[in-house]
Amino acid sequence: MGRSAAFFDLDKTVIAKSSALAFGRPFYRDGLITRRDVVKSAYAQLMFRLGGTDEQTMARTRDYLAQLCKGWSVEQVGQIVTETLHELIHPYVYAEATALIAEHQAAGRDVVLVSASGDEMVRPIGELLGITDVIATRMEIVDGRYSGRVEFYAAGPAKVEGVNRLVEERGYDLSECYAYSDSSSDLPLLECVGHPSAVNPSRTLRRVAIERGWPVLEFRHPIAIGRRLRTQPAVPITAAALSVGVGVAIGIAWYGRMRKSRTATA
């Protein structure tokens with residue numbers, strides 16, 4: 001049996017917010033982005049989440065990201081992230097996610113954060129969680145500034161490329177690996193491992209998970225990491241996990257919720 005790993009998407013899977021948008025306020029405060037950029041970035045993030053599996057949408061998001069960051073000082077970005085990490089991210093980590101990460105680490109598995117957000121943001125968040133392995137978007141750097149070119153955009157199928165590189169380096173057996181995500185844009189990531197799980201899934205991903213018998217996990221308790229480490233998980237993972245198969249009862253319950261939601265918004 002080869003080595004095993006657990007791959008975690010970041011936004012809405014490990015933390016209860018968008019990591020990229022979380023730093024919008026300090027970036028605006030320090031003059032890196034304008035108010036218009038804040039609005040456009042939020043819109044781009046929304047479009048990615050709604051249509052993330054579309055290649056054109058991902059390409060547009062990637063190109064917008066590259067132009068937005070062009071000319072930024074790498075040192076300044078790193079300083080902003082360091083100074084605001086505990087305020088913007090620390091209180092929003094799901095207790096259920098930290099418990100699950102700890103379970104995988106206790107079982108001897110490597111834990112890897114996989115995110116379309118920039119490496120400069122994702123890696124410090126990983127360190128906060130005790131995770132050293134990261135697959136994230138990398139921007140080209142020239143003379144200490146971002147050039148406006150994306151070296152690697154860790155979104156959609158590209159996440160699997162990053163996973164496969166680790167497989168080649170470390171000899172992971174993907175059939176023994178785990179993956180967790182909330183978005184249908186990460187279906188390639190979930191499909192490449194033997195143990196996929198949907199976490200707080202979008203409507204599309206929830207439907208796919210039910211059809212394929214994947215577990216669906218509901219994480220609902222963001223809590224500061226320091227407090228989390230001093231106490232027991234707010235909700236045990238076993239209680240939060242809904243082991244979904246193609247059972248008729250579960251299918252009817254899901255359909256009922258969707259029907260009720262559609263009726264309420266009609």
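Where does asparagine 200 lie? Asparagine 200 is found in the loop between strand S6 (195-199) and helix H10 (203-212). Helices (H or I, at least four residues) and strands (E, at least two) are DSSP runs, numbered from the N terminus. The structure is a predicted model, in which local features need pLDDT of at least 70 and side-chain atom pairs count only at pLDDT 80 or more, while totals for chains, interfaces and linings use all residues. Residues are numbered from 1 along each chain as its sequence is written, and side-chain values use heavy atoms, with hydrogens and water left out.

Asparagine 200 has a phi near 45 degrees, a positive value in a residue other than glycine. With 14% relative accessibility, asparagine 200 counts as buried. Here buried means under 20% relative accessible area, exposed means over 50%, and partly exposed is in between (1.4 Å probe, protein chains only). Aspartate 143 is not a glycine either, and its phi is positive at about 55 degrees. This aspartate sits in the loop between strand S3 (133-142) and strand S4 (145-152). Aspartate 143 is exposed, because its relative accessible area is 78%.

S3 and S4 form a hairpin with two residues between them, and aspartate 143 is in the turn. The two strands, S3 and S4, pair in the antiparallel sense over four bridges. Two strands pair if DSSP finds at least two bridges between them. The bridge partner of isoleucine 141 is tyrosine 146 in S4.

Strand S1 (residues 5-9) is mostly covered, with five of its five residues buried. Ala5, Phe7 and Asp9 point one way from S1, Ala6 and Phe8 point the other way, and all are buried. S1 has parallel pairings with two strands, described in turn. With strand S2 (residues 110-118), S1 pairs in the parallel sense over five bridges. Alanine 5 stands opposite aspartate 110 in S2. With strand S5 (residues 178-181), S1 pairs in the parallel sense over three bridges. Phenylalanine 8 stands opposite tyrosine 180 in S5.

Aspartate 119 belongs to helix H7 (residues 119-128). Aspartate 119 is buried, because its relative accessible area is 18%. Neighbours within four places in sequence aside, aspartate 119 is in contact (heavy atoms within 4.5 Å) with Pro124, Val134, Ala136, Thr137 and Arg138.

Four aromatic pairs were found in a search of the whole structure. One of them joins phenylalanine 27 and tryptophan 72, edge-to-face, at 5.3 Å centre to centre and 65 degrees between the planes. The pair links distant parts of the chain, 45 residues apart: phenylalanine 27 is in helix H2 (residues 24-29), and tryptophan 72 is in the loop between helix H4 (55-69) and helix H5 (74-88). Both phenylalanine 27 and tryptophan 72 are buried. Rings of Phe, Tyr and Trp (its six-membered ring) pair if their centres lie within 6.5 Å; planes under 30 degrees apart count as stacked, over 60 as edge-to-face and the rest as tilted.

Charges over rings were also examined. Lysine 17 lies over the face of tyrosine 92, at 4.0 Å from the ring centre. Arginine 165 lies over the face of phenylalanine 152, at 4.8 Å from the ring centre. The criterion is NZ of Lys or CZ of Arg within 6 Å of the ring centre and within 35 degrees of the ring normal.

The search of the whole structure finds zero disulfides (pairs of cysteine sulfur atoms within 2.5 Å). Cysteine 192 is in no disulfide, and the nearest cysteine sulfur, that of cysteine 177, is 7.9 Å away. Cysteine 69 counts as buried, at 10% relative accessibility.
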